[in-house]
Amino acid sequence: MIREVLRMGDGRLLRRAQPVEAFGTPALAALIEDMRDTMRHLTGAGLAAPQIGVDLRVVIFGGGPSPRYPDASVVPDTVLINPVLTPLVDEEEGGWEGCLSVPGLRGWVPRWTQLHYTGFDASGVLIERVATGFHARVVQHECDHLDGVLYPMRVRDFSRFGYTDVLFPDAQVADD
Ligand code: NI
């Protein structure tokens with residue numbers, strides 16, 4: 001079921017979400033299905049449970065290049081629960097980000113270029129990966145939602161934060 005995505009200003013986006021304690025349950029499966037339906041409907045690169053008002057540490061992400069991220073590399077379709085991120089480098093790199101909870105805007109956000117992450121899938125199987133580039137960026141963006149952090153809070157150079165259609169007048173980018 002496609003769910004309503006909360007928009008910035010809603011206090012539910014600012015909570016530190018609770019860990020999932022039971023895996024392989026119908027409730028968890030239903031949550032993940034709703035998240036997938038919602039992400040696909042809005043052609044997002046990722047979605048976090050708090051964005052649909054669910055206070056749990058669950059994110060999904062994945063997909064290839066899209067209208068929103070035409071230069072994106074392919075990121076494996078992933079359900080990641082109770083994630084833990086560890087940077088592997090000090091180095092950060094800026095890149096444009098948008099968010100389904102911040103429609104119509106884009107901002108230039110510094111992120112670690114390489115990180116290690118762990119978490120669990122819906123059945124409770126451990127996931128452990130090293131991510132770089134766009135994959136690393138998406139994981140950081142989505143996991144930030146679990147700590148109540150929206151990407152505008154990470155923007156340092158506000159001359160590179162604005163409306164998508166003003167920043168990129170010639171681009172065929174989604175209006176969100
Ligand atoms: Ni987001």
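**Nickel site and sheet architecture**

With a relative accessible area of 2%, His 145 is buried. This residue belongs to a predicted model, in which His 145 is one of the protein donors of a nickel ion.

**Nickel site**
- The nickel ion takes its protein donor atoms from Cys 99 (SG), His 141 (NE2) and His 145 (NE2), which lie 2.1 to 2.2 Å from the ion.
- Along the sequence, these donor residues follow the spacing C-x41-H-x3-H, and the pair of Cys 99 and His 145 links distant parts of the chain, 46 residues apart.
- Cys 99 sits in the loop between β4 (92-97) and β5 (105-112), whereas His 145 is in helix α2 (residues 133-145).
- Cys 99 counts as buried because its relative accessible area is 3%, which is under the 20% limit for that class.

- Arg 106, a residue of strand β5, is buried at 3% relative accessibility, and its side chain makes a polar contact of 3.1 Å with the side chain of Thr 164.

**The open sheet**
- Five strands form an open sheet in the order β1-β2-β3-β6-β7, with antiparallel pairing; β1 (46-48) and β7 are the edge strands, each pairing on one side only.
- Direction ignored, neighbouring strands of this sheet are turned by 35° against each other on average.
- Strand β3 (residues 75-87) is joined to the antiparallel strand β6 (residues 114-120) by 5 bridges, with Ile 81 standing opposite Phe 120 in β6.
- On the β7 side, β6 and β7 (residues 126-132) share 7 bridges in antiparallel pairing, and Thr 118 stands opposite Glu 128 in β7.
- The β6 and β7 strands form a hairpin with 5 residues between them, and Gly 124 in its turn has a positive phi of about 95°.

**Helices across the strands**
- Helix α1 (residues 26-41) lies across β1, β2 and β3, and runs at about 40° to β2.
- Helix α2 lies across β1, β2, β3, β6 and β7, running at about 70° to β3; this helix also holds the nickel donor His 145.

Definitions and conventions:
Residues are numbered from 1 along each chain as its sequence is written. This is a predicted model: local features need pLDDT of at least 70, side-chain atom pairs count only at pLDDT 80 or more; totals for chains, interfaces and linings use all residues. Side-chain values use heavy atoms; hydrogens and water are left out. Donors are N, O and S atoms within 2.8 Å of the metal (3.2 Å for Na, K and Ca); water is not among the atoms, so sites may look incomplete. Helices (H or I, at least four residues) and strands (E, at least two) are DSSP runs, numbered from the N terminus. Buried means under 20% relative accessible area, exposed over 50%, partly exposed in between (1.4 Å probe, protein chains only). A polar contact is a pair of N or O atoms within 3.5 Å; within protein, one must be able to donate a hydrogen and the other to accept it, and residues adjacent in sequence count only if both atoms are side-chain atoms. Two strands pair if DSSP finds at least two bridges between them. Axes are lines fitted to C-alpha atoms, for helices over the stretch in contact, and angles run from 0 to 180 degrees between N-to-C directions. Contact means heavy atoms within 4.5 Å.
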